[in-house]
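Here is a briefing on a two-chain model. Start with the contact between the chains, then take each chain in turn.

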Amino acid sequence: MKKTFFYDTHIALGAKMAPFGGYDMPIQYDGIVKEHFYARQGAALFDTCHMGEFRFEGKNARADLDHVLSCKVSSIKPGQCKYGFICNPHGGVIDDQIIYRLADDAFFMVVNASTKDHDFEWIVSNISSGTKAINLSAETAKIDIQGPRCAKIVKKLLEKPVDGLAYYSFMLNAYRNKELLISRTGYTGEIGFEIFCDKEQALAFWNDSMELGAKPAGLGARDTLRLEMGYPLYGHELGENRNAAESGFARAIASDKEFIGSTTVCSASAVTHMLSGVILDDRRAARAGDAVVDENDGETGLITSGSFSPSLGRAVALAYIRKDLCVTGARVCVRTGRNKLAGLISDLPFYKQATARKRLSEYL
Amino acid sequence: MTPNDRKFTKTHEWVKIDGDRALVGISDHAQDSLGDITFVELPSVGKKMTTGKACCVIESVKAASDINAPVSGEIASVNRDVQSQPEIINKDPYGKGWIFTLKDFSKADLDGLMDSKSYEAFVSSEA
């Protein structure tokens, strides 16, 4: 199993470790619920070095990426980034990613850990030979710092001001006399940043930000945080056999261009189920693989993620539910291995007080 | 420290004899492994339990786990406090975090369980 640059740090912090995406990763340090609230109310640090980063350059890079990605790359201005899918020809999802436009003809892409090698091969085999593709994953360190108190910490540590950084934009900044890339993105729903740098910078930034009050958070909290926001997790809500359009992320799918898989993704008849939120009536959680059923026990959907929601104080889940039944407020039943749980279909996000889209100046 | 006034199962429950009742909970190791406990399904009072068989469920953020009866007996009472505040089990697994009591329990079943020293050795051998 692979280790990130932070493996020794996690062990020293007493983290509980478990495999994720081929890496031995920290699941929790102080406890999932505590760490969840570090991100919601304070500043949480996540080791995300396991993820993949690619760079694409050349005069055809924009057109090549518009062919490979579901989102509209041509509309991204330098300094901005965009969420989108890498689809297979059948409209299934090979991976979800964020594409950064570094310059007119240069891009940076961030993908999931378990899929990164396959992603890179797939993209390279589907772009023109003149476009230079570089897999930067092995040497790139990545830290996510998230939560309403993180903006002050980042401002204090980085050399250039981050005040003007809007949601889903990025800048080149510097730390310890070396350049790094920082974007106002994340997987928690809170004001936050993703930082791409080298190993030495990452280890130093982790310690410096802990001294300023940031707390380490593991993949357990990362999962409850993203679930409360309704963000998809590859392998749960997204996969090769699930039409990208069923995820409901309309902004990630351009309807006015062709891309690999677009014929199926944009075909209304191919969409039979939609990703929906389910709020359970109690604290007891539905789990991935449980069936959503109607009053006659007929299956109408499938739970893809589920957990107790620390912010809501009850259980929530994401589920693919038959399209005609996806009505906010409708009662649903979930059949678990042990019993039946009642709940109702909910709008997303479940947690509505998140700060990610707020003005950064309010938190500096 | 693992308390030495009770016995332990290989599935990490403890049982403490208090007069004619057997008090049951989960070990500190079990609560630590489960992480934040978010839900406890208590058994029904009066239900007959068989040694080693699932009698209720504890859920943490990550997973659901069965609690097995350490000894056979009849459910005499349940701890409603852990239903409304499951985190009590994380904070005080050997005290306020007890889950249920049994009456008319099998004293012979106790002989098959571990004392605190054997249980500690068992936990370290599992790690």
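The contact between the chains takes 12 residues from chain A and 8 residues from chain B; two residues are in contact if their C-beta atoms, placed from the backbone, lie within 7 Å. This is a predicted model: local features need pLDDT of at least 70, side-chain atom pairs count only at pLDDT 80 or more, and totals for chains, interfaces and linings use all residues. Residues are numbered from 1 along each chain as its sequence is written, and chains are lettered from A and ligands numbered from 1 in the order in which they are written.

**The side of chain B that touches chain A**
- Strand S4 (37-41) and strand S6 (54-60) of chain B are the elements that give two or more residues to this side.
- Helices (H or I, at least four residues) and strands (E, at least two) are DSSP runs, numbered from the N terminus.
- The residues on this side of chain B divide into 3 charged, 2 polar and 3 nonpolar.
- Ala, Val, Leu, Ile, Met, Phe, Trp, Tyr, Cys and Pro count as nonpolar; Asp, Glu, Lys and Arg count as charged; the others, Gly among them, count as polar.

**Chain A overall**
- Chain A has 8 helices and 19 strands.
- The C-alpha trace of chain A spans about 65 × 45 × 40 Å along its principal axes.
- Of its 364 residues, 49% count as buried.
- Buried means that 20 or more other C-beta atoms lie within 10 Å of a residue's own; exposed means 12 or fewer, and partly exposed is in between, with C-beta atoms placed from the backbone.
- Take the contacts in chain A between residues at least 6 apart in sequence: 68% join residues at least 24 apart.

**The six-stranded sheet of chain A**
- An open sheet of 6 strands in chain A has the order S10-S11-S12-S9-S3-S13, with mixed pairing.
- Strands S10 (170-175) and S13 (215-216) of chain A stand at the edges with a single partner strand each, so one side of each is left without a neighbour in the sheet.
- Two strands pair if DSSP finds at least two bridges between them.
- Strands S3 (residues 44-47) and S9 (residues 141-146) of chain A run antiparallel, joined by 4 bridges.
- Asp47(A) stands opposite Ile143(A) in S9(A).

**Helix H4 of chain A**
- The buried residues of helix H4 (residues 116-124) of chain A are Lys116(A), Asp119(A) and Ile123(A).
- They cover an arc of only 55° around the axis, which puts them on the same side of H4(A).
- The arc is that of the directions from the helix axis to the C-beta atoms.
- The buried residues of H4(A) pack against several elements of chain A, including helix H3 (61-68) and strand S5 (81-87).

**Chain B**
- Chain B has 5 helices and 9 strands.
- Its radius of gyration is 13 Å, close to the 14 Å that the globule rule gives for 127 residues, so chain B is as compact as a globular protein of that length.
- Buried residues make up 39% of the 127 residues in chain B.
- Asn79(B) is in the loop between strand S8 (73-78) and helix H2 (80-84) of chain B.
- Asn79(B) counts as partly exposed because it has 19 C-beta neighbours inside 10 Å.
- Not counting residues up to four places away in sequence, Asn79(B) touches Trp98(B), Ile99(B) and Phe100(B).

Note on methods:
The radius of gyration is taken over C-alpha atoms; the globule rule is 2.2 Å times the number of residues to the power 0.38.
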